[in-house]
Amino acid sequence: MTVNIHDLLEKVEKRLYIDGEWRAGSTGETFDVENPATGEIIATMASATSDDALAALDAADRAQREWARTSPRSRSDILRRGFDLVAARAEEFATLMTVEMGKPISEARSEVTYGNEYLRWFSEETVRHYGRFTTVPEGTLRMITTHKPVGPCLLITPWNFPLAMATRKVAPAIAAGCTMVLKPAKLTPLTVQYFAQTMIEAGVPSGVLNVVSSKSASSISSPLIADTRLRKVSFTGSTPVGRQLMKEAADNVLRTSMELGGNAPFIVFADADLDAAVDGAIAAKMRNIGEACTAANRIIVQESVVDEFATKLTEKISALKVGPGMDESTQVGPLVEAKAIDHMEALVADAVSRGARVLTGGERVGERGHFFAPTVLTDVSRDARVATEEIFGPIAPILTFTDEDDAWELANTTEYGLASYVFTSDTSRLFRASDNLEFGLVGFNSGVISNAAAPFGGVKQSGLGREGGAEGIEEYSTLQYIGVANPY
Ligand code: NAD
C-alpha cells in the first residue's frame, strides 16, 4: 500500500482529545512538528495547558466508575478491534513515525508489528486476570482476592518508539479498566494522535482515553500529579525526568511505573560465534539509529578477540546506508533533533581525548537534516562519557575485559540496569550471567529481545515496574482481599 504523506498528515487530528471531543487548547497556543530528515515543519499541534490537563482528568475521573464496571470481554473486544485497525493501517502508522521521528521505514514497519502486539496480548490477558479463593489456615475465614483498576492514570510517552510506548501503556490500562490522560512527546505527537483516533473507532468510550499534547510537559504533569483524583503515573523517558516525577508523586503516595534510561553492556566472550555477535551488536546498537533505551551502549569484548571483532564490526557498520528514513534502502536515519548531533560530537571528542581511536564515522553527514555517521570507537577507556552515559545515537564504543568476573563487574559499573546482552558458545554461562548481571533484561546470544509477552523493565536507576507479559496488567490493578466469615 502506498501512502500519500500529504493526505495522511491532513487526516491526523491536531487538536486535544478531552471527554470524547477534539478541541483546541484553552489558550489557542500551538507548537510545530518537524521532519528530522529535512528540517521541514510537517504539522502544527494544539498545545494543552494546565487547565486542559485538569479538564482531561475531570473527564477521566467521571468515566472511571462506569468503565471499571464494563465486562472484561467488552474491553478485550475493544483491544482486539484496535489491533485489527492498527494492522489495517500499518503502512500509515509506519509512515507517520518515519516522517516525525526519522527511523528507517523498514524499522517503522517492525515497530507497528511489535507495538500492535501489545493490543492483541492484552486483549487476551483481559479475560484471564484471575484472583484466588481459599480458606485461611485457621479455618475462620474464606479468603477471596480480586483485582480492581487502580483508577485514572497519567501516561507519559517518549519520542523514540512513538507507537509501541503508547500501546504498551494504553493496552494494559484498558485491560485493567483504568481511564487515562495520555501525554505524548512533543517531538512525535502525530503517531499517538492517530492511534487515539484508531482506538476511538475501536470503541473506547468518551472520557476513558484523553490525549493532551503540549509544548510544556511539566505544566501537564505537575498539576495532575498534585491532584488526588489521579491514582497512577506511568512514565517512559529519561532518568532525570523520572526522578523528578517520583519526587512529585511522593506527596500523594501515587503509584508509579518508571521505564527510564539504560546503559546496556553487550558482552562478547572469546568463544562466541563472532559473526553472530557482530550481527547481534549491529541490531542492538544501530536499530532506531541507536535511539533506544535497550541500545548496546558499551560493547565489551574479551581481549583475545577484540581486534578481530572490531575489524568485522567496522566493516559492516561502515557499509550501512545513511539517509532519509522514507528511502527504502536507508539503514540509519537522521537523529531526532539538531542538538543530538552536538551531543554525538561531544561524546566522540571526549572518548578520543581519553585515548580512543575512531575506526569509522565520528562526524555529521550532510548539511540538511540531522545525520550522524555510524561510528565505531575502539580502545575506549572505562571512564569515557560514551561508557558512563546513555549515548542515544549511532556510536558503538568497544571496551575490553579479561575474564568472566571482570566482564560482570564492568557490565554492572553503571547506575542503570535495563538491558544487557551476552554472546558466548558456553551455555553454562547462562545462569552465571543471570546471577551476576544487575539488569532487568538479559539477551543471551540475541541482540533483540523485546516482546509483548515478556516483562520489560529495569532495576537500579532504569526504573520500577514491568510492561508487557502477564505482569503488565498488574501495574494498572490493585488487589483487594475479602475475608468472609466461615459459616461453620
Ligand atoms: P524525556 O525524559 O525527555 O521525555 C519523555 C517524556 O517526558 C516526553 O513526553 C516529555 O515531553 C516528557 N517530559 C519531559 N520533561 C518533563 C518534565 N519535566 N515533566 C514531565 N514530563 C516531562 O525522554 P525522551 O528524550 O523523550 O526519551 C528518551 C529517554 O527515554 C531515554 O533516556 C531512553 O532510555 C528512555 N526510554 C526508556 C524506555 C524504557 O522502557 N525503559 C523506553 C524508551 C525510552
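A cavity, for this talk, is a set of grid points where a 1.4 Å probe fits but cannot get out, and a residue lines the cavity if one of its atoms is within 4 Å of a point. The model I am showing is predicted.

With that definition, the structure holds 2 cavities of 30 Å³ or more.

The largest cavity has a volume of about 60 Å³. Among the residues that line it are Tyr 114, Phe 161, Arg 168, Arg 287, Ala 292 and Thr 294. Here the classes are 6 nonpolar, 2 polar and 2 charged.

Now the ligand. Where does the ligand sit? It is in the largest pocket. There are 28 residues around it, and Thr 157, Trp 159, Arg 168, Ser 238 and Glu 390 come nearest.

The shell around the ligand has 15 nonpolar, 9 polar and 4 charged residues. Helix α8 gives the largest share, 3 residues. α6, β10 and α9 are among the other elements that supply at least two each.

The side chain of Ser 221 has an N or O atom 3.4 Å from a ligand nitrogen. For Gly 237, a backbone N or O atom lies 3.3 Å from a ligand oxygen. The side chain of Glu 259 has an N or O atom 3.3 Å from an oxygen atom of the ligand. Taken alone, the ligand exposes 830 Å², and the protein buries 85% of that.

Technical notes. Residues are numbered from 1 along each chain as its sequence is written. This is a predicted model: local features need pLDDT of at least 70, side-chain atom pairs count only at pLDDT 80 or more; totals for chains, interfaces and linings use all residues. Side-chain values use heavy atoms; hydrogens and water are left out. A residue is near a molecule or strand if one of its heavy atoms lies within 4 Å of it. A polar contact is a pair of N or O atoms within 3.5 Å; within protein, one must be able to donate a hydrogen and the other to accept it, and residues adjacent in sequence count only if both atoms are side-chain atoms. Accessible areas come from the Shrake-Rupley method with a 1.4 Å probe; for residues, only the protein chains shown count as cover. On a 1 Å grid over the protein atoms alone, a cavity is a set of points where a 1.4 Å probe fits but cannot get out, and a pocket is an open set with protein on both sides within 12 Å along at least five of seven lines; lining residues have an atom within 4 Å of a point. A molecule sits in a cavity or pocket if more than half of its atoms lie within 2 Å of its grid points. Helices (H or I, at least four residues) and strands (E, at least two) are DSSP runs, numbered from the N terminus. Ala, Val, Leu, Ile, Met, Phe, Trp, Tyr, Cys and Pro count as nonpolar, Asp, Glu, Lys and Arg as charged, and the others, Gly among them, as polar. Grid points are joined across faces, edges and corners, and a volume is the space filled by probe spheres set on the points.
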